[in-house]
Amino acid sequence: MAKRSLWYEFTKGIIKENPVLCLVLGTCPTLAVTTSASNAIGMGIAATAVLVCSNAVISALRKVIPDKVRIPAYITIIAGFVTVVQMLVKAFSPAINDALGIYLPLIVVNCIILGRAEMYASKNPVLPSILDGIGMGVGFTAALLCMGIIRELLGSGSVFGVQLLPFKILIFILPPGGFFVFGILIMIANALNGKKGKKAAASPCEGCPMANSCADKHCEEGVKNAD
Amino acid sequence: MDQKLYVSSSPHFRSNTTTRRIMLDVIIALLPTTIASCVIFGFRALILVGVCVAGCVLMEYFARKIMKRDTTIGDLSAVVTGLLLALNLPVDINPLIALFGCLVAIVVVKQMFGGIGMNFVNPALAARIVLLVSFPSAMMRWVPAFWYQGADAVTAATPLAAEKGTFSYIDLLLGLHGGSMGEVCAAAILLGGVYLVIRKVISPIIPCVYLGTAALMSLVVGADPLYQLLSGGLLLGAIFMATDYTTSPVTNWGKVIYAVGCGVLTILLRSFSNMPEGVSFSILLMNILTPLIELLTRPRTLGFVKKGAKK
């Protein structure tokens with residue numbers, strides 16, 4: 001792997017490798033807590049704090065942790081930081097704590113955090129790991145905030161509790177609306193990255209009894225793939 | 001889009017059936033229901049039908065334009081969707097809400113999944129359910145029949161929510177009660193259904209099995225079968241919604257399974273859920289199950305030795 005600049009380590013998490021919209025990690029908290037913008041921000045900041053700290057510690061300990069038990073070791077480190085964050089949130093912002101409910105302790109098993117520990121922090125020095133954590137955290141928070149604003153605006157007619165629209169389309173607050181907004185945001189992120197959706201590998205002629213004798217190019221390819 | 005045809009070996013079969021002709025037949029079959037609802041609910045019903053049809057056609061046109069695909073409004077499928085959507089709404093709904101329904105039906109359910117023949121559920125029904133979930137109070141404000149003759153509009157219970165004995169069978173058949181615009185007049189819906197069967201646009205399997213199962217299930221749960229059949233959206237759903245080509249199984253046995261599922265779910269939802277009506281939810285659920293049903297009922301390929309005993 002070529003050495004990349006620290007600036008790149010920081011910015012890649014925001015659009016190019018956005019954990020939610022491009023890597024499609026951490027969808028459970030993304031869909032569950034984005035019913036309002038303030039919840040989304042709370043979740044984003046809590047997860048970012050845990051991510052940065054755990055990345056730093058795991059990166060520092062990467063030569064000490066034995067390879068065979070690395071996942072339990074990572075989980076223990078992450079759980080420690082989640083406990084700290086949860087206590088802080090409970091003490092300073094009980095409202096956010098109530099709104100996030102079970103999703104706050106569930107940051108322990110958030111696949112973004114474990115994913116970055118496994119993919120990045122366990123292989124890289126401390127400073128790039130911290131920057132990677134900040135970048136990924138900002139990307140996570142930004143995606144959550146976008147979803148939270150859209151869903152709160154359309155579903156309750158307000159943003160951060162300030163009433164803006166005279167109507168409410170309740171479905172955006174409900175789970176189906178969450179999936180819908182999530183899909184639209186992934187589409188936009190893909191368009192920004194200039195990636196076109198990859199065509200499915202399966203040939204359209206798969207299962208067609210005529211595939212062997214059909215002159216169509218698709219079928220020839222399909223037969224070749226099947227062989 | 002690639003319009004190349006995949007040609008298999010002969011014999012080939014050619015017919016004059018086009019999408020446009022089928023859709024025109026469905027529109028003709030929906031005319032009695034539309035006229036009946038205009039008589040029962042007045043001029044406002046006509047406006048709502050106009051808004052929904054125009055909304056659906058325009059949105060289909062612009063959605064295809066934006067997606068850089070060829071225009072398909074000529075096949076009249078958007079008109080049918082708009083008409084069905086309007087017939088699924090209460091008459092005094094805000095036209096802007098109806099337009100939002102058109103957006104869901106045409107842009108989200110139909111065009112985002114690839115246009116006609118690609119929608120995963122019935123577009124009009126999906127729009128109805130999105131509206132029902134999003135605007136519950138507006139979607140459940142039913143006015144009684146001939147409300148426009150009185151001084152004030154008042155709300156009234158639908159036959160499914162009303163106390164027993166409020167409406168006679170004749171009331172239900174002629175549509176002299178509140179409800180969605182198209183579901184009230186059972187006689188007009190049946191007329192359209194008979195026309196569709198005679199013109200061979202739909203096969204009678206789905207409506208007959210659906211209604212039969214619903215009647216049987218009503219007996220099982222202890223409800224009046226005829227009352228259940230004639231009230232709510234059951235007839236409209238069984239004849240016009242459940243028979244959508246794209247979202248119902250192709251094989252005859254598949255159709256039977258699909259229709260039985262619709263019938264059982266409808267009566268279960270009506271009897272045991274906290275909503276008075278279950279037709280739209282049950283059809284939507286069976287729409288989603290259709291690919292699985294087709295997998296189950298796929299006919300055996302000719303020329304292969306059957307495994308095991310004959311079924």
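Me: At roughly what angle do the axes of H1(B) and helix H3 (residues 77–87) of chain B cross, and within what distance do they come?

Reply: They cross at roughly 25 degrees and come within 9 Å. This is a predicted model: local features need pLDDT of at least 70, side-chain atom pairs count only at pLDDT 80 or more, and totals for chains, interfaces and linings use all residues. Residues are numbered from 1 along each chain as its sequence is written, while chains are lettered from A and ligands numbered from 1 in the order in which they are written. Axes are lines fitted to C-alpha atoms, for helices over the stretch in contact, and angles run from 0 to 180 degrees between N-to-C directions. Helices (H or I, at least four residues) and strands (E, at least two) are DSSP runs, numbered from the N terminus.

Me: Why are H1(B) and H3(B) called roughly parallel?

Reply: The crossing is at roughly 25 degrees. Angles under 35 degrees count as roughly parallel, over 145 as roughly antiparallel, 65 to 115 as roughly perpendicular and the rest as oblique. H1(B) and H3(B) are therefore roughly parallel. H1(B) passes H3(B) in a left-handed crossing. Left-handed means that the near helix is turned anticlockwise from the far one by less than a right angle; clockwise is right-handed.

Me: What makes up the contact of H1(B) with H3(B), by class?

Reply: Eight nonpolar, five polar and no charged residues. Ala, Val, Leu, Ile, Met, Phe, Trp, Tyr, Cys and Pro count as nonpolar, Asp, Glu, Lys and Arg as charged, and the others, Gly among them, as polar. Contact means C-beta atoms, placed from the backbone, within 7 Å. H1(B) contributes residues including Leu30(B), Thr33(B) and Thr34(B). Among those from H3(B) are Leu83(B) and Leu87(B).

Me: Is Thr33(B) buried or exposed, and what makes it so?

Reply: Thr33(B) has 30 other C-beta atoms within 10 Å. A residue is buried at 20 or more within 10 Å, exposed at 12 or fewer, and partly exposed in between, with C-beta atoms placed from the backbone. Thr33(B) is therefore buried. Its place is in helix H1 (residues 19–41) of chain B. Leaving aside neighbours within four places in sequence, its contacts are Leu87(B), Gly182(B), Cys185(B), Ala188(B), Ile189(B) and Gly192(B). Thr33(B) and Met181(B) are 148 residues apart in sequence and 8.6 Å apart in space, C-alpha to C-alpha.

Me: Why does Leu23(A) count as partly exposed?

Reply: Leu23(A) has 17 C-beta neighbours inside 10 Å, so it falls in the range in between. Leu23(A) sits in the loop between helix H1 (6–11) and helix H2 (27–33) of chain A.

Me: Why do Lys68(B) and Lys200(B) count as exposed?

Reply: Lys68(B) has 7 other C-beta atoms within 10 Å, so it is exposed. Lys200(B) has 11 C-beta neighbours inside 10 Å, so it counts as exposed. Lys68(B) lies in the loop between helix H2 (43–66) and H3 of chain B. Lys200(B) lies in the loop between helix H8 (186–198) and helix H9 (205–221) of chain B. Phi is positive in Lys68(B), near 55 degrees, and in Lys200(B), near 60 degrees.

Me: What angle separates helix H7 (residues 126–156) of chain A from helix H8 (residues 175–192) of chain A, and what is that called?

Reply: H7(A) and H8(A) pack at about 130 degrees, with their axes 10 Å apart. That makes H7(A) oblique to H8(A). Their crossing is right-handed. The contact includes Cys146(A) and Ile150(A) of H7(A), and Val181(A) and Phe182(A) of H8(A). Its classes are seven nonpolar, three polar and one charged.

Me: What is the relation of helix H3 (residues 37–60) of chain A to helix H6 (residues 111–121) of chain A?

Reply: Their axes come within 10 Å and cross at roughly 30 degrees. That makes H3(A) roughly parallel to H6(A). The crossing is right-handed. Among the residues that meet are Leu51(A) of H3(A) and Ile113(A) of H6(A).

Me: How many helices and strands does chain A have?

Reply: Nine helices and two strands. Along the sequence the pattern is α-α-α-α-α-α-α-β-β-α-α. Buried residues make up 35% of the 227 in chain A.

Me: What confidence does the predictor give?

Reply: Chain B has a mean pLDDT of 86, and 90% of its residues reach 70 or more. pLDDT is the predictor's confidence in each residue, from 0 to 100. For the complex, ipTM is 0.75 and pTM 0.80.

Methods:
Two residues are in contact if their C-beta atoms, placed from the backbone, lie within 7 Å.
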